[in-house]
Amino acid sequence: MPSSIPRSAAVSSVVAAALAAGLLAASGTASAADVRIHDIQGTTRVSPLVGQQVTGVTGIVTGVRTYGSRGFWIQDPQGDDNAATSEGLFVFTSSVPKVAVGDSVSVAGTVGEYVPGGLNSGNQSLTQLSKPTVTVVSSGNPVPEAVTIDGFSVPDAYAPEGDPAAGGSINGLQLDPETYALDYYESLEGTNVKIGGSRVVGATDPYSELWVTVKPWEHRSERGGALYGSYTSQNTGRLQIQSLTPIAQQPFPKANVGDMLAGDTEGPLDFNQFGGYTLTARTLGTVVDRGLEREVTERQHKNELAVATYNVENLDPSDPQEKFDALAKAVVENLSTPDIVALEEIQDDNGAKNDGTVAAGQTLQKFTDAIVAAGGPRYEWRSIDPENNKDGGEPGGNIRQVFLFNPERVDFIDRAGGNATTATGVVKGAYGAELTHSPGRIDPANTAWESSRKPLAGEFVFRGRTVFVVANHFGSKGGDESLVSHRQPPNRSSEAKRLLQAQAVNAFVKDVLSIQKQADVIVLGDINDFEFSATTKALTDGGALYPAVKSLPRDERYSYVFQGNSQVLDQILTSPGVHHFEYDSVHINAEFAEQNSDHDPQVLRFRP
(Lines give C-alpha, C1' and ligand atoms only; values in the text may rest on other atoms or scores of the structure.)
Protein backbone atom coordinates (compact mmCIF):
# COMPACT_ATOMS: atom_id res chain seq x y z
CA MET A 1 0.00 0.00 0.00
CA PRO A 2 1.14 3.56 -0.50
CA SER A 3 3.16 5.05 2.29
CA SER A 4 1.67 7.70 4.51
CA ILE A 5 2.32 9.57 7.74
CA PRO A 6 3.51 7.20 10.44
CA ARG A 7 1.70 7.83 13.71
CA SER A 8 3.58 5.80 16.26
CA ALA A 9 3.10 8.44 18.97
CA ALA A 10 -0.26 9.59 20.26
CA VAL A 11 -1.29 12.94 18.86
CA SER A 12 -1.92 14.33 22.33
CA SER A 13 1.64 13.53 23.42
CA VAL A 14 3.05 15.24 20.33
CA VAL A 15 1.00 18.34 21.06
CA ALA A 16 2.05 18.33 24.70
CA ALA A 17 5.71 17.99 23.83
CA ALA A 18 5.44 20.73 21.24
CA LEU A 19 3.80 23.07 23.70
CA ALA A 20 6.50 22.35 26.26
CA ALA A 21 9.20 23.03 23.69
CA GLY A 22 7.63 26.30 22.70
CA LEU A 23 7.17 25.17 19.10
CA LEU A 24 3.40 25.51 19.21
CA ALA A 25 1.26 28.13 20.90
CA ALA A 26 -1.70 27.22 23.09
CA SER A 27 -4.95 29.15 23.17
CA GLY A 28 -6.31 30.47 26.46
CA THR A 29 -9.72 28.80 26.35
CA ALA A 30 -10.44 25.15 27.09
CA SER A 31 -13.03 24.36 24.42
CA ALA A 32 -14.80 25.80 21.43
CA ALA A 33 -18.26 25.09 20.09
CA ASP A 34 -19.50 25.38 16.51
CA VAL A 35 -16.21 26.60 15.06
CA ARG A 36 -15.52 26.63 11.34
CA ILE A 37 -12.63 24.85 9.67
CA HIS A 38 -10.88 28.14 8.86
CA ASP A 39 -11.07 29.05 12.56
CA ILE A 40 -9.16 25.88 13.35
CA GLN A 41 -6.61 26.35 10.57
CA GLY A 42 -5.91 30.00 11.36
CA THR A 43 -3.49 32.24 9.48
CA THR A 44 -0.22 30.63 10.60
CA ARG A 45 1.09 27.08 10.42
CA VAL A 46 -0.19 26.33 13.92
CA SER A 47 -3.86 26.31 14.85
CA PRO A 48 -4.93 28.98 17.34
CA LEU A 49 -7.11 26.25 18.90
CA VAL A 50 -4.39 23.61 19.29
CA GLY A 51 -5.07 21.30 22.22
CA GLN A 52 -8.74 22.31 22.50
CA GLN A 53 -11.88 20.25 22.24
CA VAL A 54 -14.14 21.54 19.49
CA THR A 55 -17.69 20.61 18.50
CA GLY A 56 -19.95 21.21 15.54
CA VAL A 57 -17.20 21.34 12.92
CA THR A 58 -19.06 20.86 9.65
CA GLY A 59 -17.93 20.06 6.16
CA ILE A 60 -18.20 17.82 3.12
CA VAL A 61 -16.00 14.70 2.99
CA THR A 62 -13.50 15.14 0.11
CA GLY A 63 -11.32 12.09 0.62
CA VAL A 64 -11.10 8.90 2.69
CA ARG A 65 -7.89 7.02 3.52
CA THR A 66 -8.42 3.42 4.60
CA TYR A 67 -4.77 2.39 4.89
CA GLY A 68 -1.73 3.72 6.77
CA SER A 69 -2.74 6.94 8.52
CA ARG A 70 -6.46 6.25 8.47
CA GLY A 71 -8.88 9.11 8.41
CA PHE A 72 -10.74 11.48 6.12
CA TRP A 73 -10.71 15.07 4.96
CA ILE A 74 -13.56 17.53 5.26
CA GLN A 75 -14.00 20.90 3.63
CA ASP A 76 -16.26 23.85 4.36
CA PRO A 77 -18.01 24.78 1.08
CA GLN A 78 -18.47 28.33 2.41
CA GLY A 79 -15.10 29.99 2.75
CA ASP A 80 -14.13 33.16 4.59
CA ASP A 81 -12.47 34.83 1.58
CA ASN A 82 -9.12 34.87 3.41
CA ALA A 83 -6.41 33.38 1.23
CA ALA A 84 -4.30 32.53 4.28
CA THR A 85 -6.85 30.21 5.93
CA SER A 86 -7.45 26.73 4.61
CA GLU A 87 -11.02 25.47 4.36
CA GLY A 88 -9.95 21.81 4.53
CA LEU A 89 -9.01 19.64 7.50
CA PHE A 90 -7.83 16.07 8.16
CA VAL A 91 -9.74 13.99 10.71
CA PHE A 92 -7.55 11.21 12.13
CA THR A 93 -9.65 8.15 13.03
CA SER A 94 -6.96 5.46 13.54
CA SER A 95 -9.50 2.85 12.37
CA VAL A 96 -11.12 2.62 8.94
CA PRO A 97 -13.42 5.66 8.60
CA LYS A 98 -17.16 5.07 8.34
CA VAL A 99 -17.84 7.97 6.01
CA ALA A 100 -17.87 8.36 2.24
CA VAL A 101 -16.89 11.10 -0.16
CA GLY A 102 -19.84 13.48 -0.46
CA ASP A 103 -21.08 12.97 3.07
CA SER A 104 -21.96 16.13 4.96
CA VAL A 105 -20.68 15.63 8.51
CA SER A 106 -20.50 17.34 11.87
CA VAL A 107 -17.38 16.47 13.88
CA ALA A 108 -16.32 16.94 17.47
CA GLY A 109 -12.73 16.23 18.49
CA THR A 110 -9.38 17.53 19.70
CA VAL A 111 -7.42 20.02 17.61
CA GLY A 112 -3.86 18.76 17.20
CA GLU A 113 -0.65 19.65 15.41
CA TYR A 114 0.90 16.36 14.36
CA VAL A 115 4.59 16.52 13.43
CA PRO A 116 5.40 13.74 10.93
CA GLY A 117 8.65 12.12 11.98
CA GLY A 118 8.51 13.64 15.48
CA LEU A 119 9.58 16.98 16.87
CA ASN A 120 13.29 16.30 16.34
CA SER A 121 12.73 15.89 12.59
CA GLY A 122 12.22 19.62 12.19
CA ASN A 123 9.20 19.00 9.98
CA GLN A 124 6.23 21.30 9.84
CA SER A 125 3.10 20.06 11.57
CA LEU A 126 -0.23 18.92 10.16
CA THR A 127 -3.32 20.51 11.67
CA GLN A 128 -5.94 17.85 12.36
CA LEU A 129 -8.78 16.63 14.55
CA SER A 130 -8.24 13.46 16.56
CA LYS A 131 -10.43 11.25 18.78
CA PRO A 132 -13.41 12.34 16.69
CA THR A 133 -17.11 11.86 17.16
CA VAL A 134 -18.65 11.97 13.70
CA THR A 135 -22.29 12.53 12.73
CA VAL A 136 -23.30 12.04 9.11
CA VAL A 137 -25.92 14.68 8.31
CA SER A 138 -26.52 13.76 4.67
CA SER A 139 -24.90 11.89 1.80
CA GLY A 140 -24.37 12.32 -1.92
CA ASN A 141 -23.44 15.98 -1.73
CA PRO A 142 -21.19 17.53 -4.38
CA VAL A 143 -17.57 17.83 -3.38
CA PRO A 144 -16.41 21.47 -3.08
CA GLU A 145 -14.79 22.64 -6.30
CA ALA A 146 -11.07 21.88 -6.36
CA VAL A 147 -8.51 24.67 -6.16
CA THR A 148 -6.27 24.46 -9.22
CA ILE A 149 -2.55 24.39 -8.48
CA ASP A 150 -0.50 25.43 -11.49
CA GLY A 151 2.66 27.24 -12.44
CA PHE A 152 1.02 30.63 -12.16
CA SER A 153 -0.63 30.11 -8.78
CA VAL A 154 2.54 28.90 -7.02
CA PRO A 155 4.88 31.80 -6.15
CA ASP A 156 8.50 31.68 -7.31
CA ALA A 157 9.93 32.60 -3.89
CA TYR A 158 10.23 29.44 -1.80
CA ALA A 159 9.84 30.42 1.86
CA PRO A 160 10.18 33.36 4.22
CA GLU A 161 13.24 33.65 6.42
CA GLY A 162 12.60 32.03 9.79
CA ASP A 163 12.24 34.12 12.92
CA PRO A 164 15.64 34.29 14.68
CA ALA A 165 13.88 34.70 18.02
CA ALA A 166 12.14 31.35 17.40
CA GLY A 167 15.25 29.46 16.35
CA GLY A 168 14.66 30.16 12.68
CA SER A 169 11.12 28.77 12.73
CA ILE A 170 8.43 30.03 10.36
CA ASN A 171 5.63 28.48 12.45
CA GLY A 172 4.55 31.75 14.04
CA LEU A 173 4.74 33.89 10.90
CA GLN A 174 1.56 35.00 9.17
CA LEU A 175 1.05 33.06 5.95
CA ASP A 176 1.68 35.02 2.77
CA PRO A 177 0.41 32.66 0.05
CA GLU A 178 0.83 35.20 -2.74
CA THR A 179 4.55 35.58 -2.03
CA TYR A 180 5.97 32.24 -0.85
CA ALA A 181 5.45 28.74 -2.24
CA LEU A 182 5.52 27.02 1.16
CA ASP A 183 2.95 29.50 2.47
CA TYR A 184 0.79 28.89 -0.59
CA TYR A 185 0.78 25.12 -0.05
CA GLU A 186 0.19 25.55 3.69
CA SER A 187 -2.82 27.78 3.00
CA LEU A 188 -4.29 24.82 1.10
CA GLU A 189 -3.51 22.14 3.71
CA GLY A 190 -6.40 19.67 3.72
CA THR A 191 -8.11 21.44 0.81
CA ASN A 192 -9.48 19.67 -2.25
CA VAL A 193 -6.98 20.59 -5.00
CA LYS A 194 -6.22 19.52 -8.54
CA ILE A 195 -3.47 19.74 -11.09
CA GLY A 196 -3.69 19.45 -14.84
CA GLY A 197 -1.30 17.50 -17.03
CA SER A 198 2.14 17.65 -15.39
CA ARG A 199 5.63 16.34 -16.10
CA VAL A 200 7.03 13.63 -13.84
CA VAL A 201 10.24 14.74 -12.10
CA GLY A 202 10.54 11.85 -9.62
CA ALA A 203 9.88 8.30 -10.78
CA THR A 204 7.39 5.96 -9.12
CA ASP A 205 9.06 4.56 -6.01
CA PRO A 206 8.51 1.29 -4.07
CA TYR A 207 5.99 3.10 -1.84
CA SER A 208 3.66 3.90 -4.74
CA GLU A 209 4.24 7.62 -5.07
CA LEU A 210 5.77 9.89 -7.67
CA TRP A 211 6.67 13.56 -8.09
CA VAL A 212 5.52 16.04 -10.70
CA THR A 213 6.17 19.69 -11.37
CA VAL A 214 3.45 22.20 -12.12
CA LYS A 215 6.14 24.54 -13.47
CA PRO A 216 7.47 22.83 -16.60
CA TRP A 217 9.92 25.67 -17.23
CA GLU A 218 11.50 25.60 -13.76
CA HIS A 219 15.14 24.38 -13.72
CA ARG A 220 14.44 21.67 -16.30
CA SER A 221 17.10 19.00 -16.72
CA GLU A 222 18.13 17.73 -20.13
CA ARG A 223 15.99 14.60 -19.65
CA GLY A 224 12.94 16.17 -18.04
CA GLY A 225 13.75 16.35 -14.35
CA ALA A 226 13.94 19.34 -12.00
CA LEU A 227 17.54 20.35 -11.25
CA TYR A 228 18.58 21.24 -7.73
CA GLY A 229 21.31 23.76 -8.44
CA SER A 230 21.80 25.67 -5.17
CA TYR A 231 20.42 26.08 -1.65
CA THR A 232 18.64 29.25 -2.74
CA SER A 233 17.25 27.95 -6.01
CA GLN A 234 14.38 25.69 -4.99
CA ASN A 235 11.96 23.89 -7.28
CA THR A 236 8.73 25.43 -6.05
CA GLY A 237 6.55 23.55 -8.53
CA ARG A 238 7.39 20.07 -7.16
CA LEU A 239 4.47 18.13 -5.73
CA GLN A 240 4.27 14.57 -4.47
CA ILE A 241 1.42 12.40 -5.74
CA GLN A 242 -0.13 9.46 -3.89
CA SER A 243 -3.39 7.61 -4.44
CA LEU A 244 -6.23 7.16 -1.96
CA THR A 245 -7.22 3.94 -3.71
CA PRO A 246 -5.56 0.90 -2.08
CA ILE A 247 -3.05 -0.84 -4.34
CA ALA A 248 -5.01 -4.08 -4.13
CA GLN A 249 -7.90 -2.32 -5.85
CA GLN A 250 -5.93 -0.25 -8.34
CA PRO A 251 -2.18 -0.63 -8.95
CA PHE A 252 -0.26 2.64 -8.83
CA PRO A 253 1.11 3.58 -12.26
CA LYS A 254 4.79 3.18 -13.11
CA ALA A 255 6.33 6.41 -14.34
CA ASN A 256 9.83 7.58 -15.19
CA VAL A 257 11.23 11.08 -15.13
CA GLY A 258 10.07 12.99 -18.19
CA ASP A 259 6.80 11.06 -18.50
CA MET A 260 3.52 12.99 -18.28
CA LEU A 261 0.77 12.57 -15.74
CA ALA A 262 -1.99 13.50 -18.17
CA GLY A 263 -5.48 14.72 -17.37
CA ASP A 264 -6.64 16.02 -14.01
CA THR A 265 -5.39 14.64 -10.72
CA GLU A 266 -7.61 15.70 -7.81
CA GLY A 267 -7.82 15.16 -4.08
CA PRO A 268 -6.96 16.60 -0.65
CA LEU A 269 -3.58 18.22 -0.05
CA ASP A 270 -1.81 16.33 2.74
CA PHE A 271 1.52 16.84 4.51
CA ASN A 272 3.71 13.86 5.38
CA GLN A 273 7.17 12.93 6.60
CA PHE A 274 8.50 11.74 3.27
CA GLY A 275 8.18 14.75 1.03
CA GLY A 276 5.92 17.27 2.72
CA TYR A 277 2.97 18.55 0.71
CA THR A 278 1.30 15.68 -1.12
CA LEU A 279 -1.72 15.52 -3.37
CA THR A 280 -3.56 12.41 -2.16
CA ALA A 281 -5.45 11.60 -5.30
CA ARG A 282 -9.10 10.69 -5.28
CA THR A 283 -8.88 10.92 -9.06
CA LEU A 284 -5.51 10.06 -10.58
CA GLY A 285 -4.35 11.13 -14.03
CA THR A 286 -2.95 8.74 -16.63
CA VAL A 287 0.78 8.23 -17.11
CA VAL A 288 1.96 8.84 -20.68
CA ASP A 289 5.29 7.17 -21.42
CA ARG A 290 7.74 9.59 -23.03
CA GLY A 291 10.24 6.84 -23.78
CA LEU A 292 13.13 7.72 -21.47
CA GLU A 293 16.11 5.48 -22.28
CA ARG A 294 19.07 4.40 -20.20
CA GLU A 295 22.26 6.04 -21.36
CA VAL A 296 25.38 4.38 -22.78
CA THR A 297 28.72 6.16 -22.42
CA GLU A 298 31.40 6.20 -25.07
CA ARG A 299 34.06 3.53 -25.00
CA GLN A 300 37.52 4.81 -24.17
CA HIS A 301 40.20 4.90 -26.87
CA LYS A 302 43.14 2.54 -26.39
CA ASN A 303 45.33 5.32 -25.01
CA GLU A 304 42.62 6.67 -22.70
CA LEU A 305 42.10 5.50 -19.14
CA ALA A 306 38.45 5.15 -18.14
CA VAL A 307 37.73 5.42 -14.41
CA ALA A 308 34.20 4.98 -13.01
CA THR A 309 32.37 5.08 -9.70
CA TYR A 310 29.22 3.14 -8.95
CA ASN A 311 27.23 2.78 -5.73
CA VAL A 312 25.74 -0.71 -6.01
CA GLU A 313 23.40 -0.30 -3.02
CA ASN A 314 24.24 -2.89 -0.37
CA LEU A 315 25.27 -5.71 -2.69
CA ASP A 316 25.79 -9.07 -0.98
CA PRO A 317 25.63 -12.74 -2.06
CA SER A 318 22.06 -13.17 -0.82
CA ASP A 319 20.79 -10.67 -3.39
CA PRO A 320 19.00 -12.24 -6.36
CA GLN A 321 21.21 -13.27 -9.23
CA GLU A 322 19.13 -10.88 -11.33
CA LYS A 323 20.57 -7.92 -9.40
CA PHE A 324 24.14 -9.11 -9.98
CA ASP A 325 23.39 -9.67 -13.66
CA ALA A 326 21.78 -6.26 -14.11
CA LEU A 327 24.64 -4.43 -12.38
CA ALA A 328 27.17 -6.42 -14.40
CA LYS A 329 25.38 -5.65 -17.65
CA ALA A 330 25.48 -1.97 -16.76
CA VAL A 331 29.25 -2.10 -16.22
CA VAL A 332 29.80 -3.83 -19.56
CA GLU A 333 27.22 -2.10 -21.75
CA ASN A 334 26.21 1.24 -20.22
CA LEU A 335 29.64 2.08 -18.78
CA SER A 336 31.44 0.45 -21.73
CA THR A 337 33.79 -1.59 -19.52
CA PRO A 338 35.85 1.00 -17.64
CA ASP A 339 39.47 0.19 -16.84
CA ILE A 340 38.97 0.97 -13.14
CA VAL A 341 35.66 0.90 -11.26
CA ALA A 342 35.36 2.19 -7.71
CA LEU A 343 32.43 0.44 -6.09
CA GLU A 344 30.58 1.69 -3.02
CA GLU A 345 28.30 -0.34 -0.73
CA ILE A 346 29.83 -3.75 -1.26
CA GLN A 347 28.66 -5.76 1.75
CA ASP A 348 30.40 -8.68 3.41
CA ASP A 349 29.85 -12.30 2.47
CA ASN A 350 26.64 -12.77 4.44
CA GLY A 351 25.18 -9.29 4.12
CA ALA A 352 23.23 -7.95 7.07
CA LYS A 353 23.69 -11.09 9.18
CA ASN A 354 25.45 -9.59 12.18
CA ASP A 355 27.88 -12.39 13.11
CA GLY A 356 31.30 -10.72 12.83
CA THR A 357 31.93 -11.60 9.18
CA VAL A 358 33.84 -8.82 7.39
CA ALA A 359 35.34 -10.49 4.28
CA ALA A 360 33.63 -9.75 0.96
CA GLY A 361 35.37 -12.21 -1.36
CA GLN A 362 32.19 -14.12 -2.16
CA THR A 363 30.32 -10.91 -2.97
CA LEU A 364 33.06 -9.77 -5.32
CA GLN A 365 33.54 -13.18 -6.91
CA LYS A 366 29.85 -13.37 -7.70
CA PHE A 367 29.87 -9.86 -9.16
CA THR A 368 33.00 -10.29 -11.28
CA ASP A 369 31.71 -13.64 -12.55
CA ALA A 370 28.50 -11.89 -13.61
CA ILE A 371 30.56 -9.29 -15.49
CA VAL A 372 32.35 -12.04 -17.41
CA ALA A 373 29.00 -13.68 -18.18
CA ALA A 374 27.78 -10.32 -19.53
CA GLY A 375 30.67 -10.23 -21.98
CA GLY A 376 33.08 -8.16 -19.92
CA PRO A 377 36.68 -8.77 -18.84
CA ARG A 378 37.80 -10.77 -15.84
CA TYR A 379 38.19 -7.89 -13.41
CA GLU A 380 40.50 -8.24 -10.44
CA TRP A 381 39.78 -6.42 -7.18
CA ARG A 382 41.52 -4.76 -4.28
CA SER A 383 39.98 -3.61 -1.03
CA ILE A 384 40.49 -3.39 2.75
CA ASP A 385 38.13 -5.30 5.00
CA PRO A 386 36.67 -2.94 7.65
CA GLU A 387 36.49 -3.60 11.35
CA ASN A 388 33.18 -5.18 12.21
CA ASN A 389 30.36 -2.62 12.44
CA LYS A 390 32.78 0.32 12.51
CA ASP A 391 32.00 1.87 9.12
CA GLY A 392 28.30 2.62 9.35
CA GLY A 393 25.64 1.41 6.96
CA GLU A 394 23.34 -1.53 7.58
CA PRO A 395 24.29 -3.28 10.85
CA GLY A 396 26.23 -6.44 10.08
CA GLY A 397 26.65 -5.51 6.41
CA ASN A 398 30.09 -3.89 6.73
CA ILE A 399 29.90 -1.89 3.51
CA ARG A 400 33.17 -0.80 1.97
CA GLN A 401 34.69 0.63 -1.21
CA VAL A 402 36.37 -1.70 -3.68
CA PHE A 403 38.57 -1.21 -6.73
CA LEU A 404 37.79 -3.37 -9.75
CA PHE A 405 40.40 -3.15 -12.51
CA ASN A 406 40.95 -4.77 -15.88
CA PRO A 407 44.42 -6.37 -15.72
CA GLU A 408 44.61 -6.43 -19.52
CA ARG A 409 44.58 -2.62 -19.49
CA VAL A 410 45.97 -1.45 -16.16
CA ASP A 411 48.33 -2.69 -13.44
CA PHE A 412 47.75 -2.37 -9.71
CA ILE A 413 50.82 -1.65 -7.58
CA ASP A 414 50.55 -3.76 -4.44
CA ARG A 415 52.36 -2.51 -1.37
CA ALA A 416 51.67 -4.68 1.65
CA GLY A 417 50.72 -3.57 5.14
CA GLY A 418 47.38 -1.87 4.55
CA ASN A 419 44.60 -2.85 6.92
CA ALA A 420 41.50 -1.40 8.56
CA THR A 421 43.39 0.68 11.11
CA THR A 422 46.72 1.46 9.40
CA ALA A 423 46.99 4.69 7.45
CA THR A 424 48.63 4.77 4.07
CA GLY A 425 51.03 7.62 3.48
CA VAL A 426 52.88 9.27 0.62
CA VAL A 427 56.65 9.09 0.13
CA LYS A 428 59.07 10.09 -2.60
CA GLY A 429 60.10 7.16 -4.74
CA ALA A 430 62.47 6.74 -7.62
CA TYR A 431 60.00 8.15 -10.15
CA GLY A 432 57.84 10.43 -8.01
CA ALA A 433 55.20 9.99 -5.33
CA GLU A 434 54.40 6.52 -4.00
CA LEU A 435 51.95 5.17 -1.46
CA THR A 436 53.33 3.41 1.61
CA HIS A 437 50.44 0.93 1.46
CA SER A 438 48.47 0.08 -1.67
CA PRO A 439 45.65 -0.56 -1.20
CA GLY A 440 45.50 1.53 1.94
CA ARG A 441 43.16 3.66 3.97
CA ILE A 442 43.47 7.41 4.45
CA ASP A 443 43.81 8.52 8.07
CA PRO A 444 41.45 5.83 9.48
CA ALA A 445 42.00 6.97 13.09
CA ASN A 446 40.66 10.43 12.31
CA THR A 447 37.38 10.99 14.20
CA ALA A 448 35.91 12.29 10.93
CA TRP A 449 35.55 8.64 9.89
CA GLU A 450 33.83 7.41 13.05
CA SER A 451 30.96 5.11 11.98
CA SER A 452 31.74 6.02 8.38
CA ARG A 453 33.55 4.53 5.44
CA LYS A 454 37.27 5.25 5.33
CA PRO A 455 38.71 6.32 1.95
CA LEU A 456 40.47 3.61 -0.04
CA ALA A 457 43.63 4.69 -1.88
CA GLY A 458 45.33 2.70 -4.61
CA GLU A 459 48.25 3.12 -6.97
CA PHE A 460 47.78 2.08 -10.60
CA VAL A 461 49.96 2.15 -13.70
CA PHE A 462 48.52 2.76 -17.16
CA ARG A 463 50.83 2.78 -20.19
CA GLY A 464 53.78 3.50 -17.92
CA ARG A 465 52.14 6.38 -16.05
CA THR A 466 51.22 6.19 -12.34
CA VAL A 467 47.67 7.13 -11.42
CA PHE A 468 46.52 7.50 -7.81
CA VAL A 469 42.84 6.72 -7.19
CA VAL A 470 40.95 7.43 -3.96
CA ALA A 471 37.54 5.78 -3.55
CA ASN A 472 35.17 7.44 -1.10
CA HIS A 473 31.79 7.05 0.52
CA PHE A 474 31.28 10.08 2.73
CA GLY A 475 28.79 10.32 5.58
CA SER A 476 25.10 10.39 4.66
CA LYS A 477 22.68 13.29 4.97
CA GLY A 478 20.83 11.52 7.77
CA GLY A 479 19.77 13.99 10.43
CA ASP A 480 19.38 16.93 8.08
CA GLU A 481 16.06 18.72 8.15
CA SER A 482 13.96 18.49 5.01
CA LEU A 483 13.36 21.28 2.51
CA VAL A 484 9.88 21.66 4.02
CA SER A 485 11.19 22.08 7.56
CA HIS A 486 9.54 24.61 9.86
CA ARG A 487 13.02 26.13 10.06
CA GLN A 488 13.98 28.12 7.00
CA PRO A 489 16.63 27.66 5.91
CA PRO A 490 16.66 24.10 7.26
CA ASN A 491 19.42 22.82 9.50
CA ARG A 492 21.96 20.67 7.63
CA SER A 493 23.72 19.12 10.61
CA SER A 494 25.31 16.27 8.65
CA GLU A 495 27.49 18.71 6.69
CA ALA A 496 29.88 19.12 9.62
CA LYS A 497 31.12 15.53 9.35
CA ARG A 498 31.50 15.57 5.57
CA LEU A 499 33.42 18.81 5.82
CA LEU A 500 35.99 17.13 8.08
CA GLN A 501 36.12 14.13 5.76
CA ALA A 502 36.71 16.35 2.75
CA GLN A 503 39.50 18.18 4.56
CA ALA A 504 41.22 14.87 5.32
CA VAL A 505 41.08 13.74 1.68
CA ASN A 506 42.20 17.16 0.46
CA ALA A 507 45.21 17.01 2.79
CA PHE A 508 46.14 13.58 1.42
CA VAL A 509 45.96 14.81 -2.17
CA LYS A 510 48.14 17.79 -1.24
CA ASP A 511 50.68 15.35 0.20
CA VAL A 512 50.86 13.62 -3.18
CA LEU A 513 51.15 16.92 -5.07
CA SER A 514 53.82 18.26 -2.74
CA ILE A 515 56.07 15.44 -3.94
CA GLN A 516 54.86 15.25 -7.55
CA LYS A 517 53.16 18.45 -8.66
CA GLN A 518 51.76 16.99 -11.87
CA ALA A 519 50.67 13.65 -10.42
CA ASP A 520 47.49 12.16 -11.81
CA VAL A 521 45.11 11.88 -8.85
CA ILE A 522 41.49 10.84 -9.16
CA VAL A 523 39.18 11.24 -6.14
CA LEU A 524 35.78 9.69 -6.70
CA GLY A 525 32.79 8.03 -5.13
CA ASP A 526 29.57 8.71 -3.32
CA ILE A 527 30.45 12.09 -1.80
CA ASN A 528 26.87 12.46 -0.54
CA ASP A 529 26.96 16.16 -1.24
CA PHE A 530 26.32 18.71 -3.96
CA GLU A 531 28.81 20.29 -6.33
CA PHE A 532 28.06 23.68 -4.73
CA SER A 533 28.40 22.44 -1.13
CA ALA A 534 30.98 23.28 1.51
CA THR A 535 32.10 19.64 1.22
CA THR A 536 33.07 20.06 -2.41
CA LYS A 537 34.73 23.40 -1.69
CA ALA A 538 36.84 21.70 1.00
CA LEU A 539 37.83 18.89 -1.38
CA THR A 540 39.02 21.42 -3.94
CA ASP A 541 40.78 23.74 -1.47
CA GLY A 542 44.00 25.22 -2.79
CA GLY A 543 43.29 24.03 -6.30
CA ALA A 544 44.19 20.44 -5.34
CA LEU A 545 41.14 19.04 -7.11
CA TYR A 546 38.53 20.03 -9.66
CA PRO A 547 34.94 18.66 -9.61
CA ALA A 548 34.61 17.18 -13.07
CA VAL A 549 30.81 17.40 -12.97
CA LYS A 550 31.23 21.17 -13.45
CA SER A 551 32.55 20.46 -16.95
CA LEU A 552 29.04 19.38 -17.93
CA PRO A 553 26.26 21.75 -19.00
CA ARG A 554 24.20 22.72 -15.97
CA ASP A 555 21.16 20.75 -17.11
CA GLU A 556 23.21 17.52 -17.05
CA ARG A 557 24.67 17.84 -13.55
CA TYR A 558 23.00 15.18 -11.43
CA SER A 559 23.46 11.59 -10.32
CA TYR A 560 20.53 11.10 -7.96
CA VAL A 561 16.86 12.05 -7.78
CA PHE A 562 15.45 12.77 -4.33
CA GLN A 563 11.86 13.91 -3.82
CA GLY A 564 11.69 15.24 -7.36
CA ASN A 565 15.03 17.06 -7.26
CA SER A 566 17.73 15.93 -9.69
CA GLN A 567 20.97 16.52 -7.80
CA VAL A 568 24.64 15.67 -7.52
CA LEU A 569 25.77 13.17 -4.87
CA ASP A 570 28.32 11.08 -6.78
CA GLN A 571 31.42 12.84 -8.03
CA ILE A 572 34.79 12.42 -9.70
CA LEU A 573 37.41 15.07 -8.96
CA THR A 574 40.73 15.49 -10.76
CA SER A 575 44.11 16.90 -9.80
CA PRO A 576 45.74 19.63 -11.96
CA GLY A 577 47.88 16.98 -13.66
CA VAL A 578 44.78 15.58 -15.36
CA HIS A 579 44.78 18.20 -18.11
CA HIS A 580 42.14 16.97 -20.53
CA PHE A 581 39.26 14.68 -19.80
CA GLU A 582 35.73 13.71 -20.79
CA TYR A 583 33.15 13.28 -18.05
CA ASP A 584 29.81 11.52 -18.14
CA SER A 585 27.08 11.06 -15.57
CA VAL A 586 25.51 7.94 -17.01
CA HIS A 587 21.78 8.09 -16.28
CA ILE A 588 20.62 4.50 -15.93
CA ASN A 589 18.93 4.34 -12.51
CA ALA A 590 17.90 7.48 -10.67
CA GLU A 591 15.26 8.60 -13.17
CA PHE A 592 13.60 5.20 -13.52
CA ALA A 593 10.90 3.35 -11.60
CA GLU A 594 12.84 0.12 -12.17
CA GLN A 595 16.29 0.55 -10.62
CA ASN A 596 19.32 -1.64 -10.00
CA SER A 597 20.67 1.04 -7.67
CA ASP A 598 19.39 4.43 -6.60
CA HIS A 599 22.56 6.13 -7.89
CA ASP A 600 23.76 6.82 -11.42
CA PRO A 601 27.38 5.81 -12.12
CA GLN A 602 29.97 8.35 -13.26
CA VAL A 603 32.77 7.87 -15.79
CA LEU A 604 35.88 9.92 -16.54
CA ARG A 605 38.12 9.31 -19.55
CA PHE A 606 41.54 10.91 -19.88
CA ARG A 607 45.06 10.40 -21.24
CA PRO A 608 47.61 10.18 -18.41
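1. Let me start with open space: the second largest pocket holds about 340 Å³. A pocket here is an open set of points on a 1 Å grid over the protein atoms alone, with protein on both sides within 12 Å along at least five of seven lines, while a cavity is a set of points where a 1.4 Å probe fits but cannot get out; lining residues have an atom within 4 Å of a point. Grid points are joined across faces, edges and corners, and a volume is the space filled by probe spheres set on the points.

2. A word on the model itself: it is predicted, so local features need pLDDT of at least 70 and side-chain atom pairs count only at pLDDT 80 or more, whereas totals for chains, interfaces and linings use all residues. Residues are numbered from 1 along each chain as its sequence is written, and side-chain values use heavy atoms, leaving out hydrogens and water.

3. Back to that pocket: 22 residues line the second largest pocket, and Thr-85, Glu-87, Val-147, Leu-188 and Thr-191 are the closest to its centre. The lining comprises seven nonpolar, nine polar and six charged residues (Ala, Val, Leu, Ile, Met, Phe, Trp, Tyr, Cys and Pro count as nonpolar, Asp, Glu, Lys and Arg as charged, and the others, Gly among them, as polar).

4. How many cavities of 30 Å³ or more are there? The count is three, and the largest cavity has a volume of about 130 Å³. Its lining has 14 residues, with Tyr-158, Trp-211, Arg-238, Gly-275 and Val-484 nearest the centre. Helix H3 (181–186) and strand E11 (238–243) are the elements that give two or more residues to this lining; helices (H or I, at least four residues) and strands (E, at least two) are DSSP runs, numbered from the N terminus. By class, the lining of the largest cavity has eight nonpolar, five polar and one charged residues.

5. The peptide bond from Ser-438 to Pro-439 is cis, with omega near 5°, and Pro-439 sits in the loop between strand E22 (432–435) and strand E23 (440–441). Gln-488 and Pro-489 are joined by a cis peptide bond too, with omega about 0°; Pro-489 lies in the loop between strand E25 (465–473) and helix H6 (495–515).

6. Glu-345 belongs to strand E17 (residues 340–346). For context, most residues other than glycine have a negative phi, and most peptide bonds are trans.
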